[in-house]
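I opened the file today to look up how parts of this chain pack together. My entries follow the order in which I looked.

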Amino acid sequence: MPNALAVPYSFTAVATSEFGQGIDVISGNQCAYGAVVPSTRNQNRLNTAVTHTRIIASEDDYSSSYQAVMSVEGSTLTASFSASASLLEQSQMSAKSFSLVIGTTVQAAIDIIIDPANVTLTDTAAGVLKSQGPEAFQSQYGTHFIGGFINGGEYFATINILFNSAADQRNFSASASGSISEGLASGKASAQFSAALSSFHSSYSLQSLVSQSGDIEHLNSADPDSLITACDNFSSTLKSDTTGGRRMVALGFPWSAIPKVRDILGQINRVGAL
């Protein structure tokens, strides 16, 4: 079986997509429905999670955190990284801010075709390929067809302290980063976080955001431990959810995986064109 390719969709696009629909894996655009997919498929639990906590106290920290989110979620739930990246961007992180990032990405279940050899083309799609050629076919039906979905979810939270100056931020970071890191590792981050804020006498403002599977809400929380607990609970609940959460990723197969496509390409002397 050809390897399925995870397509970076928005949540809305994944939710409205269907098996057999064409997709363009370069742009992520939805295309016309062109494949007839059997109703009997492999449906399995995955129940895997990637959890991360980190401090962002510099531009380098922000860059590495952003890249880590893109890398972790891009390799597991590619639809969700845009939501987490969006939350990072909304958190107003700058040279004047000190931030905590807490998150988990959960793969709960997969629903995927058993064998693309059992997939065929719709009559309309077959007609386009045969009479107009692979270029016209790809223009209408994209580069791949949807042969599976991964269900799951992601929880992503930030607590962001905004200082009046970059000097205040540097002073706070120098005095508090070590103890807060120890608190994150030991499960006592809130006590260390509160103590660090109490000992800092310059003014600041505090912002916190939480995204659960793309739905972002503003909170008034300076309690990292409660957010870590919420993160853990989110993961546990999703793993036990019989539905597997929401569709997060569309899995695309190349059109050439379908025997009828290969047959038509052979008939028109365009073998390998898709």
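This is a predicted model: local features need pLDDT of at least 70, side-chain atom pairs count only at pLDDT 80 or more; totals for chains, interfaces and linings use all residues.

Entry two. I then asked which residues have the most contacts inside the largest nonpolar core. They are Leu121, Phe137, Phe145, Trp255 and Ile258, in a core of 32 residues. Among the elements that give two or more residues to this core, I noted strand S6 (97–113), helix H4 (123–132), helix H5 (134–141) and strand S11 (246–254). The largest share comes from S11, with five residues. I also found a second, separate core of 27 residues, which includes Leu100, Phe172, Leu184 and Cys231.

I turned to a pair of helices, H7 (residues 189–198) and H8 (residues 224–240). Their axes cross at roughly 150° and come within 7 Å. The angle is over 145°, so I wrote down H7 as roughly antiparallel to H8. Which residues of H7 meet H8? I listed Ala189, Ser190 and Phe193, which meet Pro224, Asp225 and Ser226 in H8. By class, this contact has three nonpolar, two polar and one charged residues.

Last, I looked at strands S2 (residues 21–23) and S3 (residues 30–33), which run antiparallel and are joined by two bridges. Ile23 stands opposite Gln30 in S3. The two strands, S2 and S3, form a hairpin, and six residues lie between them. In the turn I noted Gly28, with a positive phi of about 80°.

Terms used: Residues are numbered from 1 along each chain as its sequence is written. Side-chain values use heavy atoms; hydrogens and water are left out. Axes are lines fitted to C-alpha atoms, for helices over the stretch in contact, and angles run from 0 to 180 degrees between N-to-C directions. Helices (H or I, at least four residues) and strands (E, at least two) are DSSP runs, numbered from the N terminus. Angles under 35 degrees count as roughly parallel, over 145 as roughly antiparallel, 65 to 115 as roughly perpendicular and the rest as oblique. Contact means heavy atoms within 4.5 Å. Ala, Val, Leu, Ile, Met, Phe, Trp, Tyr, Cys and Pro count as nonpolar, Asp, Glu, Lys and Arg as charged, and the others, Gly among them, as polar. Two strands pair if DSSP finds at least two bridges between them. A nonpolar core is a set of buried Ala, Val, Leu, Ile, Met, Phe, Trp, Tyr and Cys residues joined through side-chain atoms within 4.5 Å. Buried means under 20% relative accessible area, exposed over 50%, partly exposed in between (1.4 Å probe, protein chains only).
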